[in-house]
Amino acid sequence: MDHQPKFFENLSGTGKAIGVLTSGGDAQGMNAAVRAVVRMGIYVKAKVYFVYEGYQGMVDGGDNIVEVSWESVSSILQVGGTVIGSARCKSFRTREGRLQAAYNLVQRGITNLCVIGGDGSLTGANLFREEWSGLLEELAQKGKIDEEAVKKYAYLNIVGMVGSIDNDFCGTDMTIGTDSALHRIIEVVDAIMTTAQSHQRTFVLEVMGRHCGYLALVSALACGADWVFIPEYPPEEGWEDSMCVKLSENRARKKRLNIIIVAEGAIDCHNKPITSEKVKDLVVQRLGFDTRVTILGHVQRGGTPSAFDRILASRMGVEAVLALLEATPATPACVVSLSGNQAVRLPLMECVQMTQEVQKAMDEGRFVEAVRLRGRSFENNLNTYKLLSHKKPDAELPKTNFNVAVLNVGAPAAGMNAAVRAAVRVGITEGHKMFAVIDGFEGFARGKIKEISWGDVGGWTGQGGSILGTKRTLPAKYLEKIADQMRTNNINALMVIGGFEAYESCLQLHEARSRFEEFCVPICVLPATISNNVPGTDFSIGADTALNAIVETCDRIKQSASGTKRRVFIIETMGGYCGYLANMGALAAGADAAYIFEEQFDIRELQANVEHLTEKMKTSIQRGLVLRNENCNENYTTDFIYQLYSEEGKGVFDCRKNVLGHMQQGGAPSPFDRNFGTKISAKAMQWISKKLKETYRKGKVFANTDDSVCLLGMRRRNLVFQPVAELKNETDFVHRIPKEQWWLKLRPLMKILAKYKTSYDVSDSGQLEHVAMHSPKEAEPGAI
């Protein structure tokens, strides 16, 4: 990045008033967005108002529109739904209603609105904005406001954030609430799987999504469902037969349960609804299987927001305030959204039009078009699901005579098994023989290697840890033995799934090619570690699950601290020298500070934090939360910080400490990790197939170029294969972290939301883009 950073200090909100409302169906994470808007607004010295009960409150006025303070949004980060209420509002659809709403806003000087809701709510906001000057003139004619007010409040600025569990809004990879809804669905599926297995049952699960199959599709991918019904991609004629054949084949393969997922809006190719009851009756009549229906209903909207949704909503909320401060009468109403891992602004109406196009395509039976319009991420999910769920008969599979081995290296991370499953199944589909290596390179040297089949990896997506077994041992000391095993088993390619060790291992194999020809084969590394410290990628498989474990614990600890009052907790997280878990955990849990290795701190900073907490204890929020990365400083240990805080806080607050430890490595993988692991693994396997074809000469595979040992990572908006040799320059090998880390840019965000003065580089935001950029020709967004 060569450009000069642009800081938001020169954006002042003095004299501006911002109204924030939630409208339409509720979604987990809306509160995090409200909290970020309020705090960022107050931070830039604007006045911020709650509009209670959505547009209804705006029309009714009175106590429904109130100015709020910093503390008004304390303790709402971990609460699901929306604390300011949401209502469907008929009167706002009439001009009279909007006239009344305009009057109520002008009375308080509010000309900036932040609307959190679905496409209906955002369309309403845009219409309101277009009519605004006309509404003010009408109010002036009626003598309700004077000419001065008409001039002073001439323009209404609107920024939208999409809060909807369906993820049905075009232009944004993930809407607020989608990830949390997936958490609820996956919790239920995991629970149902154990009972279904006990009785050899078939379960039909109905999930939300009247017009959009995202939840159904992604949960089917994440739990390896046998069949999925979604509105965008109806099954072909005669689906009844093919589904029953598939279910009975699975039973014949000793699979004790079947899971079928139905979106509530599922249809067949004649636009007739396919209901969960209809599917159940079909299975019972044709196959006589013991079948049960579970309708998830509003469970999916409930519960606490996931770490992903809290971070997403906090980032969007801050971005929304920046967009309002920068808005001019000429800027169109925009939506702040996420593309890959980057916050972007898109014209609201372009997104709405595209969202309506999808519905139109579905109504007219243009289903291929509907899937394409949903965006690259949706299309990818669908293709990956189709690839992994149906095994072609052996006769139809190509035969390549290539052998590909998969192994896990480093510490266990949730989602590794999903990645292994995808690799094995895609490999078999591509015609390769797949081999599993037990216990990493150590096991490889000892010859612990066996062929692995399609059925062997069934049910692996939901399993935590590493089923293959994993070791931190690097290959350097076993090179000869590993080369022998490669030769004996005729291994033509390697897929290494793991953390920093996996990356280092592949560097060692790359460097050993001159001595051992056996290593001249395509090798791909998939980053999987809770620490998220692998160079070349923004995210690693397993980091999301660990983050959720941290955030869940922090929520409980905060609750305990709220009860005792005046208590500060110091929590130590894992991560080696990488501060990702501490920093993002702090952002998602609403912590007061996070100590990390990447941002050096001294005793003065510790002193400032103690004073900050002392001030905080004078307010109504009488608790503190401080996160510390395990290796952030060799002398300022967790014990040292605990003792310092205890001493300095005497008489004002008392302290407790908590070392989270290995619970961060365990647990069932989160939907994000299952999906991310599955998708990047499938993509990596296709890359391996391509490389095998390219490097096959005279009856053998010979790959000795740098670009045949790659790491597949997600960078900003794209999934990219990067030669490990090139990543060497980006790596700090002493501390085992990348030299540059994207999430450090979010550090000031955590500080602002905890009421610290800081500077925030906003160079990345601010440009309004167009939705057309997200056409299928674009490189694939990294959102799941």
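K728 has a relative accessible area of 36% and is therefore partly exposed, a class that lies between buried (under 20%) and exposed (over 50%), with a 1.4 Å probe and protein chains only. The model is predicted, with local features requiring pLDDT of at least 70 and side-chain atom pairs pLDDT 80 or more, while totals for chains, interfaces and linings use all residues. Residues are numbered from 1 along each chain as its sequence is written, and side-chain values use heavy atoms, without hydrogens and water.

The side chain of K728 meets that of E511 in a salt bridge, at 3.1 Å from N to O; a salt bridge is a side-chain nitrogen of Lys or Arg within 4 Å of a carboxyl oxygen of Asp or Glu. This pair links distant parts of the chain, 217 residues apart: E511 is in helix α17 (residues 500-511), and K728 is in the loop between α23 (724-727) and β26 (731-732). Helices (H or I, at least four residues) and strands (E, at least two) are DSSP runs, numbered from the N terminus. E511 is partly exposed, at 45%.

The loop between α23 and β26 also holds E730, whose partner R715 is in strand β24 (residues 709-715), 15 residues apart from it. Relative accessibility is 30% for R715 and 32% for E730. In the salt bridge between D654 and R656, the closest N and O atoms are 3.8 Å apart. The count of salt bridges comes to 40, and a network of them links R95, R98, E131, E138 and K142.

D544, in helix α18 (residues 543-564), is buried yet has no salt bridge; R674, the nearest side chain of opposite charge, is 9.3 Å away. Contacts (heavy atoms within 4.5 Å) of D544, not counting residues up to four places away in sequence, are with F308, S670, F672 and D673.

I449 is placed in strand β14 (residues 449-451) and counts as buried because its relative accessibility is 15%. I449 and F435 are 14 residues apart in sequence and 6.6 Å apart in space, C-alpha to C-alpha. Beyond neighbours within four places in sequence, the contacts of I449 include F435, A436, V437 and I491.

Across the whole chain there are 24 helices and 27 strands. Of the 784 residues, 62% count as buried. Residues 24 or more positions apart account for 80% of the contacts with a separation of 6 or more.

How values were computed. Lys and Arg count as positive and Asp and Glu as negative; His and the chain ends are not counted.
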